[in-house]
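Welcome, and thanks for taking a look at this model. Below is a short tour that moves from strands and helices to single residues.

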Amino acid sequence: MDIFYATLLSLFVLVVSFSFHFFFFKSKPTEDGKVLPPGRKGWPIIGESFEFLATGWKGHPEKFIFDRMSKFSPKVFRTSLMLEDAAVFCGAQGNKFLFSNENKLVQGWWPASVDKIFPSSDKTSKIEAIKMRKMLPNFFKPEALHRYVPIMDVVTQQHFANGWEGKEEIVTYELTKNFTFWLACKIFINIEDPERVRYLSGPFESIATGLLAIPIDLPGTPFRRGINAANFIRKELLAIVKQRKIDLADGKATPTQDILSHMLLHSDEDGKFMAEYDIADKILGLLIGGHDTASSACAFIVKYLAELPEIYDGVYKEQMEVAKSKAPGELLNWEDLSKMKYSWNVACEVLRLAPPLQGAFREAITDFMYNGYSIPKGWKLYWSANSTHKNPEFFPEPQKFDPSRFEGSGPAPYTFVPFGGGPRMCPGKEYARLEILVFMHHLVMKFKWEKMIPDEQIVVNPMPSPAKGLPIRLYPHKA
Ligand code: HEM
């Protein structure tokens, strides 16, 4: 967080809190006799948003959750986040409840900051979101995913050749961000020229930070930077959409080459095509969803494999077996990835300890009861991956890195939730699995490495990342 923003925020807190009182709620009945979940609303207006974000900036987002679970209730507690009345649903039971009541008691909700950065979601709202949801499985269905594996392999090899090979030291997180963004550009909009990809990638960081920032729209705030960056990218994408329309008409592009062609050529049930602006916006959403999450996961894989040589050895052995089964120059395919069971268990353990998304919001669409407490219509409800991932009740010795947790039937239902669950579960889950495995394959087949800052701090803003980007020293395998 830069100094300007910190100062602005402190002033803001001082001004709005002139009455200087905290609001505490200890399950007192409301005027109509309903008992709200225990908890506290925090500061006037901004509530507990600052504490919520600040525990992440210090690298321990789970602290916000666990402090309140032990103080108020391990099942559900009240708070106020992103300028809204909110309740955090905890544990496997909380996850299950929110995931299985989608469109019955709750529906997806994003903070006001997201609506401002994606203004079209205001206008087109639920209908567009549903259309998009219907369209995505097409793009991520098994046949399509099978086709992406060799493309992913080519892009990944180019990425390692350009960014890693011949270097003694690299900054991991910068490279993993380039990697996932390059791949997304290739597979979503068929752009692969590294210069063009670099030009588009710059503003994405500001968008991701702006999305979960406190929505103060003033010059220099992370929120304003996010809005400006999204406007810039949207304009670029709109130009790409228009050009693609021309290329499709001229036969220079094919209908199945990527998601962009798919969106342009497929109408909904009423025969209506998506507007160009909405396509640009949806592609923007996919690039964000598919970029920062997977790049954070890849960076943490590099971190844990550097710290745990026996885990590195296990991954190396498995990937060596796959490499040995291939003819020289033969690209990876779907079947190869299905053999990478240990590697995927390692990746899952990384996603447990450093989930790229900490959780997500829902909105109560009606009044209902949960665990004896009233949840009023309109409240924002949050599920948190950490409330189970770092909870000894579900993962004994939660800080221990142990991929064997995922062997056999794996963790209990609703406890391992890096991709969420229920109807809103991340549609890019399989795509993410493929890109992470292809990345792991080339990483260990080419290198060993060591961290240059042994106890580098972790920052969660909003994705987890090593504070200095995880600089490492590379030791290429001898040919
Ligand atoms: C390791 C990588 C990833 C992780 C951990 C992850 C995690 C998540 C989570 C937790 C959600 C929210 C679910 C909820 O609201 O409960 C989500 C939503 C979403 N993800 Fe991912 N994701 C990843 C990769 C991807 C990729 C690669 C794409 C696209 C190719 C993608 C596209 C989306 C989209 C479009 C949504 C919104 C779905 C909706 O609201 O209905 N994600 N993701």
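Three strands make an open sheet in the order β6-β14-β11, and their pairing is antiparallel. At its edges sit β6 (169–171) and β11 (447–451), each of which pairs on one side only. From one strand to the next, the twist averages 35°. Please keep in mind that this is a predicted model.

Within this sheet, β11 is joined to β14 (residues 471–476) by 5 bridges in the antiparallel sense.

## Two crossing helices

Two packed helices are described by the angle between their axes and the distance between the axes. For α10 (residues 204–211) and α13, the angle is about 90° and the axes are 11 Å apart. Angles of 65 to 115 degrees count as roughly perpendicular, so α10 and α13 are roughly perpendicular to each other.

On the α10 side, the residues that meet α13 are Phe-204, Ile-207, Ala-208 and Leu-211. Their counterparts in α13 are Leu-284, Leu-287, Ile-288, His-291 and Asp-292. Sorted by class, this contact of α10 with α13 holds 7 nonpolar, 1 polar and 1 charged residues.

## The iron atom

Which residue is the only protein donor of the iron atom of the ligand? It is Cys-426, through its SG atom at 2.3 Å. Cys-426 has its place in the loop between α17 (386–389) and α18 (429–446).

## Another set of strands

Elsewhere, β3 and β4 form a hairpin with 2 residues between them. Met-82 in the turn has a positive phi of about 50°. Strand β4 also pairs with β10, and the table puts the strand pairs side by side.

| Strand pair | Sense | Bridges | Example of facing residues |
|---|---|---|---|
| β3 (residues 76–81) and β4 (residues 84–89) | antiparallel | 6 bridges | Leu-81 and Glu-84 |
| β4 and β10 (residues 380–384) | parallel | 4 bridges | Val-88 and Tyr-382 |

## A buried leucine

Leu-53 lies in helix α2 (residues 49–57). Is Leu-53 buried or exposed? Its relative accessible area is 11%; buried means under 20%, so Leu-53 is buried.

Leaving out residues up to four places away in sequence, Leu-53 touches Met-82, Leu-212 and Ile-214. Met-82 is the turn residue of the β3 and β4 hairpin. Leu-53 and Ala-213 are 160 residues apart in sequence, yet their C-alpha atoms are 8.3 Å apart in space.

## Backbone details to check

Most residues other than glycine have a negative phi, and most peptide bonds are trans. A few places in this model are worth a look with that in mind.

Asn-190 is not a glycine, but its phi is positive, about 55°. Asn-190 lies in the loop between α8 (172–189) and α9 (194–201), and at 30% relative accessibility it counts as partly exposed.

Glu-397 has a positive phi too, near 45°. With 55% relative accessibility, Glu-397 counts as exposed.

Where is a cis peptide bond found? One joins Asn-461 and Pro-462, with omega about -10°. Pro-462 lies in the loop between β12 (458–460) and β13 (464–466).

## The whole protein

Stepping back, the protein has 18 helices and 14 strands. Of its 479 residues, 54% are buried. Among contacts in the protein with a separation of 6 or more, 70% come from residues 24 or more positions apart.

Note on methods:
Residues are numbered from 1 along each chain as its sequence is written. This is a predicted model: local features need pLDDT of at least 70, side-chain atom pairs count only at pLDDT 80 or more; totals for chains, interfaces and linings use all residues. Side-chain values use heavy atoms; hydrogens and water are left out. Donors are N, O and S atoms within 2.8 Å of the metal (3.2 Å for Na, K and Ca); water is not among the atoms, so sites may look incomplete. Two strands pair if DSSP finds at least two bridges between them. Axes are lines fitted to C-alpha atoms, for helices over the stretch in contact, and angles run from 0 to 180 degrees between N-to-C directions. Angles under 35 degrees count as roughly parallel, over 145 as roughly antiparallel, 65 to 115 as roughly perpendicular and the rest as oblique. Contact means heavy atoms within 4.5 Å. Ala, Val, Leu, Ile, Met, Phe, Trp, Tyr, Cys and Pro count as nonpolar, Asp, Glu, Lys and Arg as charged, and the others, Gly among them, as polar. Buried means under 20% relative accessible area, exposed over 50%, partly exposed in between (1.4 Å probe, protein chains only).
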